[in-house]
Amino acid sequence: MKTFLDENFLLTNQTAVHLFHEYAKDLPIIDYHCHLSPKEIYENKQFNNITEAWLYGDHYKWRMMRANGVEENKVTGEASDYDRFVAWAGTLPMAIGNPLYHWSHMELRTFFGVNDLINEQNAPAIWEKVNAKLAEGGSRARDLITNSKVTVICTTDDPVDSLEYHIKIKEIKDFHTQVLPSYRPDKALEINRATFLPWIALLEKAAGITISSYDDLLAGLESRAEFFNSVGCKVSDHALDYVPFAVATKEEVEQIFKSALAGNAVSLEDEKKYKAFTLLFLGGVYKKLDWAMQYHINASRNNNGQAFAKLGPDTGFDSINDSPVASALTGLLSSLAVADSLPRTILYSLNARDNEILASLMGSFQGDGIPGKIQLGAAWWFNDTKDGMVSQMKSLGNFGLLGRFVGMLTDSRSFLSYTRHDYFRRILCNMIGEWVEDGEFPNDEPLLKQLVQGISYDNAKQYFGF
């Protein structure tokens, strides 16, 4: 029987052990998509206690606490940080089969030297030990980044953001991680949401223009993209809860936009026309700036109306959507290709059903001398599990070039999430090791080294141009 979380955790064959320890374990990290706060990085946030570092903003854990019967006061409410921590400690032993059980223990061990199996009984002792470690220094935000050997972080930023903290971070002489913005114009596309008109006013201010026409909007979006580019941005991101596509003229979209500016709701068909036309324009901007474009597809957000009214978005009430993707996504990508405006693109779906659809579809749009120009994105959110990672990589291997995969990202708001790269690399090495030991892939040492190091680090560095 193996010991829980030993040095060969998740490595079930000798080839996997060799590949991980020789070629993957000590590589640096590129985190090309996350939700860390650049302000907290610049200010080198000091965490007052483990709850602040571990539970604040972590809706993964919040969902599990609610499922364990923890009252909302100890999840997002006014309960003390200690009580919230104890509630999480009491939840974790029930999380057998959930990656949070692995991640939480990996984080305790890696960052705080705590090897205990956390539960409600030993929570007070762990609380004291971790908080003492936090208080003694060496565990501030930038320390956690540096100690994890992170070379690049791409945060997620609205086009109207000033990027002041990204600019200030560049001036820190003893911090060597690149912290770059990512351009995420979701609020520009969500024409039917209450956020749309207030956001247009913010864009006017940020771009220094008056927006009274659709051309004004596009000019503002492009102006802000050029500003992001000047600060080092190399990637955009879009949350497409469904994939919008409908053919429209610019004149049609102009009328749709003006109607929305007047405060009117637009039909679903007109929303699709507006979104598709705008996405096609933005794809051309990204291609010109030599950025990569990310589409995050098929999330169902804010499902619980009562909870959304009380707590707002990103509080743990989202799930997997099942909207069709093939036809509309083909329309978007083909239109971009016809216009010679298709940038390097990463396609993620929250619905694992879509993996093979995306993996096969992207093969129709590879080219331009760019290795892996169109990527099947890493197992995302609810798929960020052992099974989900293996499934995503096998789909990519079956339909494309796994060896060109740009690998793992944290997609996290926590500075402790870098152990997820270790988790991914172990799963990757184990899968490849199984194939080698089963005679499905040759035991070619130089090739195996290239594949493991490429997927773990090198491919992302080359793909994004860091």
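Biologist: What should I know about the model itself before we go on?

Modeller: It's a predicted model, where local features need pLDDT of at least 70 and side-chain atom pairs count only at pLDDT 80 or more, while totals for chains, interfaces and linings use all residues. Residues are numbered from 1 along each chain as its sequence is written, and side-chain values use heavy atoms, with hydrogens and water left out.

Biologist: OK, back to α16. Which of its residues are buried?

Modeller: A328, L329, G331, L332, L333 and L336. Buried means under 20% relative accessible area, against over 50% for exposed and partly exposed in between (1.4 Å probe, protein chains only).

Biologist: And what covers them?

Modeller: The cover includes α14 (268-289), β5 (292-297), β8 (344-349) and α17 (355-361). Contact here means heavy atoms within 4.5 Å.

Biologist: How does α16 run relative to β5?

Modeller: At about 170°, and α16 lies across both β5 and β8. Axes are lines fitted to C-alpha atoms, for helices over the stretch in contact, and angles run from 0 to 180 degrees between N-to-C directions. Just after α16, D340 takes a positive phi of about 55°.

Biologist: Let's stay with β5. How many of its residues are buried?

Modeller: Six of its six, so to speak the strand is mostly covered. One side has A292, Q294 and H296, the other has M293, Y295 and I297, and they are all buried.

Biologist: Which sheet does β5 belong to?

Modeller: An open sheet of four strands in the order β4-β5-β8-β9, with parallel pairing. β4 and β9 (374-376) stand at the edges with a single partner strand each, so one side of each has no neighbour in the sheet. The twist averages 20° from one strand to the next.

Biologist: What holds strands together in general?

Modeller: Strands of a sheet pair through backbone hydrogen bonds, either parallel or antiparallel. For this model, two strands pair if DSSP finds at least two bridges between them.

Biologist: How many bridges does β5 make with β4, then?

Modeller: Six, in the parallel sense. H238 has Y295 of β5 as its bridge partner. β5 and β8 also pair in the parallel sense over six bridges, with Y295 opposite L347 in β8 and Q294 opposite I346 in β8.

Biologist: There's another sheet I'm curious about. What is the strand order in the one with β1?

Modeller: β1-β2-β3, an open sheet of three strands with parallel pairing. β1 (29-31) and β3 (178-180) are at the edges, each with a single partner strand, so one side of each is left without a neighbour in the sheet. Neighbouring strands there are turned by 5° against each other on average, direction ignored. β2 (residues 150-154) and β3 pair over three bridges, and V152 has Q178 in β3 as its bridge partner.

Biologist: Which residues are closest to the pocket's centre?

Modeller: H35, R184, R301, D314 and R413, out of 45 lining residues. The largest share of that lining, three residues, comes from α3.

Biologist: And how many cavities are there?

Modeller: Three of 30 Å³ or more, searching the whole structure. The largest has about 60 Å³ of space, and its lining includes H238, Y242 and K275. β4 gives the largest share of that lining, three residues.

Key
Helix = DSSP H or I, 4+ residues; strand = E, 2+ residues; numbered from the N terminus. 1 Å grid on protein atoms, 1.4 Å probe; cavity = no way out; pocket = protein on both sides within 12 Å on 5 of 7 lines; lining within 4 Å. Points joined across faces, edges and corners; volume = space filled by probe spheres on them.
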